[in-house]
Amino acid sequence: MSCQKKLLLIDVDCGTDDAQAIMMAIAAPNVQILAITCVGGNTPLDNVCKNVLRVLKLCDRLDIPVYRGASTSIIGGNIHASYFHGIDGLGDVPDPDAPGLELIKKEHAVDAMKRLASKYPGKISLVATGPLTNLALAARMDPTFPQKLHSLYIMGGNMESRGNTTACGEFNFLADPEAAYMVLNDYLCKTYIATWEHACRQKLPWEWYDQWVNTGTKKADFMKKIYAHSLQYSRSEKEQSAMVGGPGFVSCDSYAMAAAIDETTVTSFIKCAVTVELSGKFTRGMMVLDLIDELKKKHKAFVMTGCDMKKFKLFMESSVQ
């Protein structure tokens, strides 16, 4: 039976929406998660590892192997989103029973990624919901790695130069622009990108959110607790008015995950070559859509613009049951 399932490799910087995306994948009956690899981003790497283990314990899936990857960007800088996700990345909710870091596998995340791609050539969908450092390193260490993948699903970047960390920079790409540049150039497998603006335009009504976190299950209670910190920002009038597409709840990483679980959740897209600006004073980390074929790149990405919200809501709802 398992050979019919979609094989997923998930690379995260586990903040609140990464946790939600992992839970969505665990709840999907058609998916087998081969491994979860961790990268520093929303919160430092140790926290990312701890957070993934907390989510897996909640879902009774500590059998899924977790690997520690890059702690800093390719050129060594770091930005964090602790103001939004909390210092620990999951809303600073105490968890006295959290699993210990001794459960993290000894093998480096990049080595695990390369090994799994060789074991299942052409079968793995890689879902990346954090900075793309591990993916860039994997391609540098083994240039054949990207071609061994079936497909790649990224949450990151932007399509209208709207940023959420700088004027033109989305967090994941801005956290490691060099890595994002390398991945968008070196990964020639089918690539789907859920951008910041895409996530904002497909947001869910607050009434839906309030019902979703109040269903009384263990998982819904967990979601309600970990999101409480970030919601004081995202539900504020200032934030809501600044966001693309009006008020509502956004779980950015879940859009990339939903597409990986079921491609038909993507109802429209822009197919074009993409790259990342590395040197602009205001635009470093910005994703560039080459709509006039200036770059002469054969490989075109699918930049998502529409989502089947009925299916998406069902995935979100099943993740907390």
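How are α1 and α13 oriented to each other, roughly parallel or roughly perpendicular? In this predicted model, the axes of helix α1 (residues 16–27) and α13 cross at roughly 20° and come within 7 Å. Angles under 35 degrees count as roughly parallel, and α1 and α13 are therefore roughly parallel to each other.

**Helix α13 and its helical neighbours**

The crossing of α1 past α13 is right-handed. On the α1 side, the contact is formed by D17, D18, Q20, A21, M24 and A25, and on the α13 side by C252, D253, S254, M257, A258 and I261. Sorted by class, the contact of α1 with α13 comprises seven nonpolar, two polar and three charged residues.

Helix α13 (residues 252–261) also packs against helix α14 (residues 309–319), at an angle of about 100° and with the axes 11 Å apart. Angles of 65 to 115 degrees count as roughly perpendicular, and α13 and α14 are therefore roughly perpendicular to each other. Here S254, Y255, A258 and I261 of α13 meet M309, F312, F315 and M316 of α14. The contact of α13 with α14 has seven nonpolar residues, one polar residue and no charged residues.

| Helix pair | Angle | Axes | Orientation |
|---|---|---|---|
| α1 and α13 | roughly 20° | within 7 Å | roughly parallel |
| α13 and α14 | about 100° | 11 Å apart | roughly perpendicular |

**The sheet**

An open sheet of nine strands runs in the order β3-β2-β1-β4-β5-β6-β9-β7-β8, and its pairing is mixed. β3 (66–68) and β8 (287–290) each have a single partner strand and stand at the edges, so one side of each is left without a neighbour in the sheet. From one strand to the next, the twist averages 30°.

**Buried helices**

How many of the residues of α13 are buried? The helix is mostly covered, with 10 of its 10 residues buried. Among them are the charged-class residue D253 and the residues Y255, A256 and A259.

Helix α8 (residues 177–186) is likewise mostly covered, and seven of its 10 residues are buried. The buried residues of α8 are P177, E178, A179, A180, M182, V183 and L184. The elements covering them include α5, α7 (171–175), β5, β6, β7 and β8.

**N134 in helix α5**

Is N134 buried or exposed? N134 lies in helix α5 (residues 133–141). Its relative accessible area is 0%, and under 20% counts as buried; N134 is therefore buried.

Beyond residues up to four places away in sequence, N134 touches D11, T37, C38, V39, G69, A70, A109, V110 and M113. One of these contacts, A70, is 64 residues from N134 along the chain, and the C-alpha atoms of N134 and A70 are separated by 6.0 Å.

Methods:
Residues numbered from 1 in each chain as written. Predicted model: local features only at pLDDT ≥ 70, side-chain atom pairs only at ≥ 80, totals over all residues. Heavy atoms only, no water. Axes fitted to C-alpha atoms, helices over the stretch in contact; angles between N-to-C directions. Helix = DSSP H or I, 4+ residues; strand = E, 2+ residues; numbered from the N terminus. Parallel < 35°, antiparallel > 145°, perpendicular 65-115°, else oblique. Contact = heavy atoms within 4.5 Å. Pairing = 2+ DSSP bridges. Buried < 20%, exposed > 50% of the residue type's maximum accessible area, 1.4 Å probe, protein only. Left-handed = near helix turned anticlockwise from the far one by under 90°.
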